[in-house]
Amino acid sequence: MNDDRYQKNHNNTPLLVLIVFLTLMILAGGIYLGAGAVRYVLVRETETEEDSGTTFETEDEESRQGDGTLAEDEQSGEETLADGSSASQSSADVVAVVKKAMPSIVAVTNTSVQEVSYMYRGNTEVESESCGSGFIIGKNDTELLIATNYHVIADATTLTVCFSVETENEEDAIVTAVMKGSDEEYDLAVLAVTLEEIPDEVMEQIRIAQLGSSGTLMVGEAAIAIGNALGYGQSVTLGVVSALNRTIEVDGVVGVYIQTDAAINAGNSGGALLNANGEVIGINSAKVSASGVEGMGYAIPIDEAKPILEQLMERETREKADESEQAYLGVYTQDISSEARELYDIPSGVYITYVESGSPAEDAGLKQGDIISAMDGVNVSSTDGFEELLTYYRAYETVTMEILTSSSGSYTSKTVNVTFSAQPEESNMPDHTSPFGGMAPFR
């Protein structure tokens, strides 16, 4: 019986071994899978933490860039504009500058009479219009004062300005202006508008321009030009200060200008060149720009213009006299070219080539060879400018003239008083050829 039990147990041994082996394998597999699962979880948690940190930093960086504010450099402590916002920030800055400056900008319309020559009809007078710009520079008890270029208002029979404001009736923004003072040599002028002629709706919106300094400018600074380009209305162009102290000769007069790549076209003349703070740093002059040249506009530096404008603002406001009442001097005058000034060492002004006998000029002591450099405190640099200036004076008025007289090879200055006479019905002055070529006009 014991042998049978032994035989039975002996016969079950392989089964027990198999069961133990399988149990051990299951346990080993479970441990292995458990360790792998733990490792997987740990790795995933680590990756999730790392990914979470990167996402936070990116979002933080994007939030700093997206708000368009100045971000502080943690290492240098300097303020720098975060990448990605420069375009929107720059656009916002320009909009703010334009919004601030536009109420001080005006469009100027010059209506004049030009003499046109036709082959079969002879000479005919034709009314024409030209457009320019200006900006409000001051105000006194009775007038609003506007700065512009001289060439914008030259030869005008009537002048109007259009303010950059919103009105129910567009005509309310347009008022008549008169020349208060001008300086042809520096191409500057000041217009005056009577305060009583400006509607209250307009007066509430306009403002005096804020003047900056051109003496502290640096090449590369922002430059914003605002003006009545091509007569289409106010427009804005953006660029930088390309160069400083550019010496350029225009119509025989040498001037120093700010160069900018902000587009300055016909109609921009007399408008404001602004810095990034909305301050006037120059007075645009399309007259200086050469045809076929791009990216080179010029402006009169405000530091050069300011003292001249201040003098012009103090002048008595004059309106043009009727032609029958205009002053008569009795001289032939001639422009002095830059070549002649250099060759003969002649100062700037208009050269007297002939003095009529018994005329106001002779009575005041003027003689052939003298140079008229200023009249009534206004610089004179061309015959056209001198003739234009005379149209604001009437017969029998007395004015002071600055005269340069040649003596021993050099010129000395003197001041004389001249009392104009009435225009003669017929001039007895002979035809006269100037020493610099061409016929000299008489005044």
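Predicted model: local features only at pLDDT ≥ 70, side-chain atom pairs only at ≥ 80, totals over all residues.
Student: How many helices and strands does the chain have?
Tutor: You'll find eight helices and 20 strands in the chain.

Student: And how much of it is buried?
Tutor: The chain has 443 residues, and 41% of them count as buried.

Student: What about contacts between residues at least 6 apart in sequence, how many join residues at least 24 apart?
Tutor: That comes to 62% of those contacts.

Student: Let's look at the barrel. Which strands run around it?
Tutor: It's a closed barrel of six strands, in the order β9-β10-β11-β14-β13-β12, and the pairing is antiparallel. On average, neighbouring strands of this sheet are turned by 50° against each other, ignoring direction.

Student: Can we zoom in on β12 and β13? How many bridges do they pair over?
Tutor: Three bridges, in the antiparallel sense, with β12 covering residues 272–274 and β13 covering residues 280–284. As an example, Leu 273 stands opposite Gly 282 in β13.

Student: New topic: aromatic pairs. How many does the structure hold?
Tutor: Three. One of them is Tyr 257 with Tyr 298: the ring centres are 6.4 Å apart and the planes sit at 75°, so that pair is edge-to-face.

Student: Where do those two tyrosines lie?
Tutor: Tyr 257 lies in strand β11 (residues 253–260) and Tyr 298 in strand β14 (residues 297–301), so the pair ties together parts that are 41 residues apart in sequence. Both Tyr 257 and Tyr 298 are buried.

Student: What about Tyr 393 and Phe 420, how is that pair arranged?
Tutor: Tyr 393 and Phe 420 form a tilted pair, at 6.3 Å centre to centre with 55° between the planes. Tyr 393 is in the loop between α8 and β19, while Phe 420 is in the segment after β20 (410–419), so to speak linking distant parts of the chain, 27 residues apart. Tyr 393 and Phe 420 are both buried, too.

Student: Which residues have the most contacts inside the largest nonpolar core?
Tutor: Val 161, Phe 163, Met 401 and Phe 420, in a core of 49 residues. There's also a second, separate core of 32 residues, which includes Ala 101, Met 102, Ile 248 and Leu 309.

Student: Let's stay with Met 401. Which residues is it in contact with, leaving aside neighbours within four places in sequence?
Tutor: Among them are Leu 329, Leu 366, Ile 372, Phe 386, Val 416 and Phe 420.

Student: Is β15 itself mostly covered or mostly open, and how many of its residues are buried?
Tutor: Mostly covered, with four of its five residues buried. β15 also pairs with β16 in the antiparallel sense over five bridges, and Thr 333 has Ile 352 in β16 as its bridge partner.

Student: And β19, which strands does it pair with?
Tutor: β17 is one of them, antiparallel over four bridges, with Ile 371 bridged to Leu 404 in β19. β20 is another, also antiparallel, joined to β19 by ten bridges; there, Ser 406 stands opposite Tyr 411.

Student: What's in the turn of the β19 and β20 hairpin?
Tutor: Two residues sit between the strands, and Ser 408 in the turn has a positive phi of about 55°.

Student: Last one: is Val 178 buried or partly exposed?
Tutor: Partly exposed, with a relative accessible area of 21%, and the cut-off for buried is under 20%. Val 178 is in strand β7 (residues 174–183).

Technical notes. Residues numbered from 1 in each chain as written. Heavy atoms only, no water. Buried < 20%, exposed > 50% of the residue type's maximum accessible area, 1.4 Å probe, protein only. Contact = heavy atoms within 4.5 Å. Pairing = 2+ DSSP bridges. Core = buried A, V, L, I, M, F, W, Y, C linked by side-chain atoms within 4.5 Å. Phe/Tyr/Trp six-rings, centres within 6.5 Å; stacked < 30°, edge-to-face > 60°. Axes fitted to C-alpha atoms, helices over the stretch in contact; angles between N-to-C directions.
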